Amino acid sequence: MREQSIGEAVEDDERAKVIAYHRGDTHGAIDTLLEDIRHLRRQLALAEGAMSRGMTRGWRPDYDRR
């Protein structure tokens, strides 16, 4: 039996908590997570507009995971 890394164990626990919060409604859990993603993308866009390029030494936020 392979031992789980700490990151994998946390992900499983978080997933269970999200579904439990929505009382087993997986569609509701997904909808909430998608709303959170939209909100965070808007916040990132606002932060990008407020930052100067010198402050971040040319770094720009990336909206997609790489």
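## The largest pocket

Two helices, α1 (6-21) and α2 (26-50), each supply at least two residues to the lining of the largest pocket, and the largest share, five residues, comes from α1. Helices here are DSSP runs of H or I with at least four residues, strands are runs of E with at least two, and both are numbered from the N terminus. A pocket is an open set of points on a 1 Å grid over the protein atoms alone, where a 1.4 Å probe fits and protein lies on both sides within 12 Å along at least five of seven lines; lining residues have an atom within 4 Å of a point.

This is a predicted model, in which local features need pLDDT of at least 70 and side-chain atom pairs count only at pLDDT 80 or more, while totals for chains, interfaces and linings use all residues. Residues are numbered from 1 along each chain as its sequence is written, and side-chain values use heavy atoms, with hydrogens and water left out.

The lining is made up of E11, E14, R15, V18, I19, T26, A29, I30 and L33, and the space in the pocket is about 190 Å³, a volume being the space filled by probe spheres set on grid points that are joined across faces, edges and corners. By type, the lining residues divide into five nonpolar, one polar and three charged, where Ala, Val, Leu, Ile, Met, Phe, Trp, Tyr, Cys and Pro count as nonpolar, Asp, Glu, Lys and Arg as charged, and the others, Gly among them, as polar.

## Helix α2 and its residues

With 25 residues, α2 reaches 36 Å from its first C-alpha to its last, close to the 36 Å expected at 1.5 Å a residue, the expected span being 1.5 Å times one less than the number of residues. At the start of α2, a side-chain oxygen of D25 comes to within 3.2 Å of the backbone nitrogen of H27.

The buried residues of α2 are G28, A29 and E48; buried means under 20% relative accessible area, exposed over 50%, and partly exposed in between (1.4 Å probe, protein chains only).

## The loop and the whole chain

R23 is found in the loop between α1 and α2, where it has a positive phi of about 55° although it is not a glycine. At 79% relative accessibility, R23 counts as exposed.

Taken as a whole, the chain has two helices and zero strands, and 9% of its 66 residues count as buried.

Conventions:
A polar contact is a pair of N or O atoms within 3.5 Å; within protein, one must be able to donate a hydrogen and the other to accept it, and residues adjacent in sequence count only if both atoms are side-chain atoms.
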